Amino acid sequence: MSSQGFATVKFFITKKRVAKNLFAYLMLAPDIIGFAIFIFIPVGIALYVSLHEWNGLSPMKFIGLRNYVTLVSDSLWWHSVGITIVYALMFVPMIYCSSLLIAVFLNSITGKIQGFLRVIYFVPFTVSTIVLSIIWLFMLDPRRGLVNDFLHIFGISAQSFLGNSKQALFCIAFITAWTLIGYYSIIFLAALKDIPVIYYEAAKLDGANAFQLFKSITFPMLKEVNLFVLVVTIIASFQVFDQVKVMTSGGPAGATNVAVFYIYTNAFDYLKLGYSSALAFVLFVIMFVFSMLLLKITGGGARE
Amino acid sequence: MKKLLIWVAVLVLSVSMISAISLAADKTKITFWYFHSGAEGEFMAALADKYNKVNPNVEVTAVSIPQADYMGVKLTTAFAGDVGPDVFFMSPGDFLKYANSGIALDLTPYYNEELKADFLPSALDAVTVNGKIVGIPFEIELLGLYYNKDMFAAANVQPPKTWNELIEVTKTLTKGKVAGLLIEPNKGYYQNFIWYPFLWQGGGDIIDVATKKGIFEGPAVENALKLWGDLIKAGAPAKVTIPGTWDLSLLGQGDVAMQICGTWAIAVLEDPENGYSETNIGLVPLPIPDNGKAATDAGGWKFMVNANSKNADAAAKFVMWAFAGDTSLPLEWCTKTKFAYSPRKSVVEAGKDIYSKGLRKVFTDEIYTTAIGEPRYPSEIVDAVGDALQEVMFTNADPKAAAKKANDRINEFLKSFSGSM
Amino acid sequence: MNSEGKLIKNKNGQILYCVKILGGIILGCLFLIPIYMLFVSSIKPTGEVFDLRFIPKTISLNGYSLILKQKFLSYFLNSLFISTTVTIVALVFHSMAGYALARLDFVGRNVVFILILGTLMIPFSVILVPLFILVKNFGWLNTFKGVIIPAIPHAYGIFLFRQFFLTIPKELEEAAILDGCSPFGIFIRIFLPLSKPIIIVLAVAFFIANWNNYMWPMIVNQSQNKWVLQVALANYIGRTDTPWDAIMAGGVITIIPILILFFVLQRYIVEGIKMSGIK
């Protein structure tokens, strides 16, 4: 090959590369522009606000990093972060395991009955937070609720549930999981359907039992979806808020005062918009570190 | 070319002048945000219509906002974005922040001497900051203990007069699915509102306004905290869901034997649609501790006018018309739409007959004179007190330790609070 | 194995299958009982909604007539318009972005991915005020675009698309390239058709999220004729006089369109056609 020919090839490659990059960014452009305007700019403003004292009514007052210094010694804040982590430790395994199990279960039955059960499990996901909170307040009412009536059959005395500082957080996790399980099991199901049957047939010929099949085929083949569900539910558990606001307002005795609720209280009850922004950025960093660790451990969920 | 430019300039100028003139001929627009629902909501919406009818050059638009997010998210974002309403309601917990920030229009010029004399002095004090009147009080809501007479007769007990009796009766009447007593178990501004009378009955208080120091300590505070812990142990539900304890429906249905609730609830009992008339309901003042003196809250939201509004003057005139002018509208609000006391003597005088009808008589004769104005403490203080109460109620915390923790938080907050109290 | 043994095994298998289905139905009850409570509360008179009886004492359709008497249809149409628009636009944008992140090799791919993923971690309450100010400066207060446009960019859909596109075998792509297909052609003709299940899942999820969205529409819109269903429902809840039967009836009515949508679409979720081309 002459040196001239070599140069042409090189040029060709670079041009192709430019086109490739251009195409990729064109595909990303609509969303990137959207993020830039409706998330990055507001985040930038919030970052600016976090360096100020501002109640939304009077002009902002620049105070440098004082909000961040204050939050280091804000014991209520770190307590709420602790509650959030406990919540995540309850919520994430609960939703992950049950939706995966339900998906595997659904996948093992066939025909109309599968479709029927799918729809039933999915129904809670369609209900709005306000309405679903009202129904669960009904269900868990200490005196007249259905759940206590049910426990009564087994001789268990009436529980306060959302009115008990030891049970309330678990109840919130359970209710939130209840709404989402049907939805996440459908995501798992969609992924399960894509695993070629041939893999199972081959393993069965080797005499593998159901558990081995799950361990050596199903689970590894779900790698991408696993990562998605884990990352998304961890982030969601760190941001739990709506149910807390409607059902417990952080109580009883602060037992459900999760981080975002504390941020919300600071912003919209105390009108400390600067301080609440600072808190939110710290929460963001905590979540970011968690998620990056998860991505690192799982290799970003990309298949080799 | 130069000529052309001049012509263009003239054209632009005249067009803008014409539009300015036509703008002036336009109606003065006022937005008014309310959060009331049901009959109360209808009253507020009608207020705008009525005013528009008598003032053809003004257009008041009444906007309904969901109550749960009215004060918090909705007003905060609106004012932070400089698009706040011209007329709005203000909760006691946010009153000082708005008053100190300059958002609240000084309404002193709109109060003449005669009008000032018509208002109860305590009601005007509650809306006065640095000698300026920045709000309009339009209702006074009092608390009492409602009870089911039939249940009391069946158990052969008398309505409680003291704290000890209250605890005993709660225990006696808590049976099966019926709760002996309903107090507000959820933390928040409303729970504090219900609890303050018990604090005051023994002589306790939260802040010494003169020295700006927390005084949330001592036996009166500890006993009042402990009382609510004891009431939960005696059988008051730890979670009340729907309807909340501000609604008398549970008492009306015979689900509870006693309930601490306010004047407004009488309307619910009397509404024939609810069918509670057959329930035999009585009312007594809140029980007091040994050697204590009777006390109740006199609460209520206030009107405020946006000082940054382009039409602040027109907005102020609208509110003054509604609640500080003729007695007919305030009377309708306080006696027909709901039941509350008016802060204006002339209105109470005009509705004399109604104020002595049925259970209202108990409020008028036995409770009204013991009323103490609801404090306008900022939310941080409401929260510190609320946390102490919650700890004692639900985690068996020592009242003394809980009070101290709250008092420290209050003092910490007061150090950084620069406005007037 | 003789035929008798096979028969026993089949019989056992059948019993096991029945037990499994029974278990599935019992589990289904756990999901349905609270929904039943919602329904049964909606047909009680307002004063009896909170007697919490499993079987109503009296049946009343008052809640439904009350809620339908309001400008319910216009709130319903507002919600429908907003949710549908966001869903369609978001599906187009997010599938494109997900494809780029999963299958295109470009400079800064990881950075872009992490930036996008990072947006999921920002609590909404912190950008609420800045976003409101921004939207106000665009002059979008009291408009549908003020509700719709900021709701479109969302990392959730991009992330899920990326994860699913990652699982599509390389061989399919390579075959298409040999046939002279452009990258965009590959996206349209191979990736999208193969992702039908996930498109359906996301379409339903986007629709529900926007259909049930309350906070942002409540903040952006002031005038009543721009209200969405959830704002109208929340507006009923007050200190006294709250018509609980109407709120419950509203709850039932708002989930019906979503259930119909899901019921119609859900059969496509299980088609699982992705692998049919290769073994």
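**Note on the domain interface of chain B**

1. Between domain 1 of chain B and domain 2 of chain B, four residue pairs are in polar contact, both residues at pLDDT 80 or more; such a contact is a pair of N or O atoms within 3.5 Å, where within protein one must be able to donate a hydrogen and the other to accept it, and residues adjacent in sequence count only if both atoms are side-chain atoms. On the domain 1 side, the elements that give two or more residues are α4 (92-101) and α16 (360-367) of chain B, with helices taken as DSSP runs (H or I, at least four residues) numbered from the N terminus. The largest contribution comes from α4(B), with five residues.

2. The model is predicted: local features need pLDDT of at least 70, side-chain atom pairs count only at pLDDT 80 or more, and totals for chains, interfaces and linings use all residues. Residues are numbered from 1 along each chain as its sequence is written, chains are lettered from A in the order in which they are written, and side-chain values use heavy atoms, without hydrogens and water.

3. Domain 1 of chain B comprises 26-140 + 300-363, and domain 2 comprises 142-296 + 378-416; the bounds come from an automatic or database domain assignment. Their centres, taken over C-alpha atoms, lie 28 Å apart.

4. The two domains of chain B bury about 1400 Å² between them, 69% of it on carbon and sulfur atoms; this is the accessible area (1.4 Å probe) lost on putting the two parts together, summed over both. Phe339(B), Leu359(B) and Phe363(B) supply 40% of the area that domain 1 buries against domain 2, more than any other three residues.

5. Two salt bridges cross this interface of chain B, each defined by a side-chain nitrogen of Lys or Arg within 4 Å of a carboxyl oxygen of Asp or Glu. The side chains of Glu270(B) and Arg360(B) form a salt bridge at 3.0 Å, N to O.
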